[in-house]
Amino acid sequence: MKRTTALLAAALFALTACGTSEPATTDAGAQTTAQPVSVTDARDKKVDLKAPATKVVGLEWGAIENLITLGVMPVGVADVKGYTAWVTAEKLDASVKDVGTRGESSVDAIAALSPDLIITTTDESANSITQFEKIAPVLVIRGADAANAIPQMKTNLELIGSAIGKADQAKQVNADFDKAVAEGKQKIADAGKAGENFTMADGWKQGSTVSVRMYTTGSLLGAVTTELGLKNGWTGAGDKDYGLAQTDLEGLTKLPNGNFLYIANNADGGDVFGGDLAKNAIWKNLPFVKSDDVHRLPDGIWMFGGPKSTQQFIDAAVQAVTS
C-alpha cells in the first residue's frame, strides 16, 4: 500500500478565521456583490480575498473533501486517481483537472486553471508554497494534530468554510458530526460493548516484509473510536501530528483481545491482513484473530479526512463492533 500521508513534524498553530461573505445589494437591488474575505491560516498568516473563493485548487485530500462537502467543486486536485480510490465520502466531477501528486504538484498545471485560491497543508514544503503564491492566494491548514485530533478536523473545515463563504454550512456539518458520534456511542452502549478494547490499523507489504501502522488515541480515527466509548488497546506513542505508530507482526502479539479494525484498499496495495498474513502462524494465534474479531472496514473511507469521511468510519466501526 502506498503511504497515504507524510508524517512531518510541525509546530502547533492556532487556526482562526474571520471575515464575511454576506452580499451587498446594488442600487437596483437585482444583483449582489460579495464582500472581501480575510482568514488567518495555520501559518498565522492573514490571507485576503476580494470575494469568497469559487475557483479552488486543492492539494490535499481532506481539504478537497471539505470543499465538496460545503458545495464547492475544486477546479484542480492533486492525484485525482488516488483521491477517487481512497475518498468515497465526496466524489469529484469529471471536469476536475489533475495537477500532479500530493507534495509534488505541478505549478504550471495549477497556473493554467487561474484559481482564486489554493489550499494545502502544513505538510507542503515552504518552497512549494512560495511558488504557489505567485499564482494565487494560498490557504494553509494544519494536516493533523495528535493532541487535538477532532477539534483540528473541525477547525480545518471551518477555516475552509470561511474562505469560500460557507461558514454557516461548516458549523452545521460539524454539528451533524457531533450528532453522529453521540448516536454511535449510544448504539455501542446499547449493544453492551462500551469499554471494550479495540485497535485500529492499516498495513502494507514491501518485498517479503509486512509493515503495520497503528492508530493511537491521538490519531483522528483512534480519537473518534475512543469517543464512541471503546478503549484503544494500542498504548504506544505515535507521531505528534497524525498519531500514527509503526510496528510489525511481532508487535501485534502485545495487543489485548478486542476488536481489530483495519482499512485496506483493493485499488492500492490490497489486503495484507486478510491475504498475506492469513496463513501466518503468529497471526492466526493472535487472540482477536482466534476469537474472530478482525474487521476489514469498507474501501474508500479516508483515514485523514473531514467530517463526512469520519462519519463513514463511525458507521462502519459501530457496525463491526456491534454485529
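Let me start with helix H7, residues 220–227, and helix H12, residues 307–322, whose axes come within 11 Å and cross at roughly 50°; axes here are lines fitted to C-alpha atoms, for helices over the stretch in contact, and angles run from 0 to 180 degrees between N-to-C directions. H7 and H12 are therefore oblique to each other, given that angles under 35 degrees count as roughly parallel, over 145 as roughly antiparallel, 65 to 115 as roughly perpendicular and the rest as oblique. On the H7 side, Leu 220, Leu 221, Val 224 and Thr 225 meet Thr 310, Phe 313 and Ile 314 of H12, where contact means heavy atoms within 4.5 Å. By class, this contact of H7 with H12 has 5 nonpolar residues, 2 polar and no charged.

Before going on, please keep in mind that this is a predicted model, in which local features need pLDDT of at least 70, side-chain atom pairs count only at pLDDT 80 or more, and totals for chains, interfaces and linings use all residues. Residues are numbered from 1 along each chain as its sequence is written, and side-chain values use heavy atoms, with hydrogens and water left out.

The protein chain averages a pLDDT of 90, and 90% of the residues score at least 70, pLDDT being the predictor's confidence in each residue, from 0 to 100. Over residues 1–31, however, the pLDDT is below 50, and this stretch has 79 contacts in the model beyond near neighbours in sequence.

Now to the sheet, which is open and formed by 5 strands in the order E8-E7-E6-E11-E12, with parallel pairing; two strands pair if DSSP finds at least two bridges between them. Strand E8 (97–98) and strand E12 (138–141) stand at the edges, each with a single partner strand, so one side of each has no neighbour in the sheet. Further in, strand E6, residues 56–58, and strand E7, residues 76–77, pair in the parallel sense over 2 bridges, and Gly 58 stands opposite Val 77 in E7.

Which strands does H5 lie across? H5 lies across strand E11 (117–121) and E12, and runs at about 165° to E12.

Helix H5 (residues 149–163) also packs with helix H6 (residues 167–190], at an angle of about 155° and with their axes 7 Å apart. That makes H5 roughly antiparallel to H6. Among the residues making this contact are Ile 150, Met 153 and Leu 157 of H5, together with Ala 170, Val 173 and Phe 177 of H6.

Key. Helix = DSSP H or I, 4+ residues; strand = E, 2+ residues; numbered from the N terminus. Nonpolar A, V, L, I, M, F, W, Y, C, P; charged D, E, K, R; others polar.
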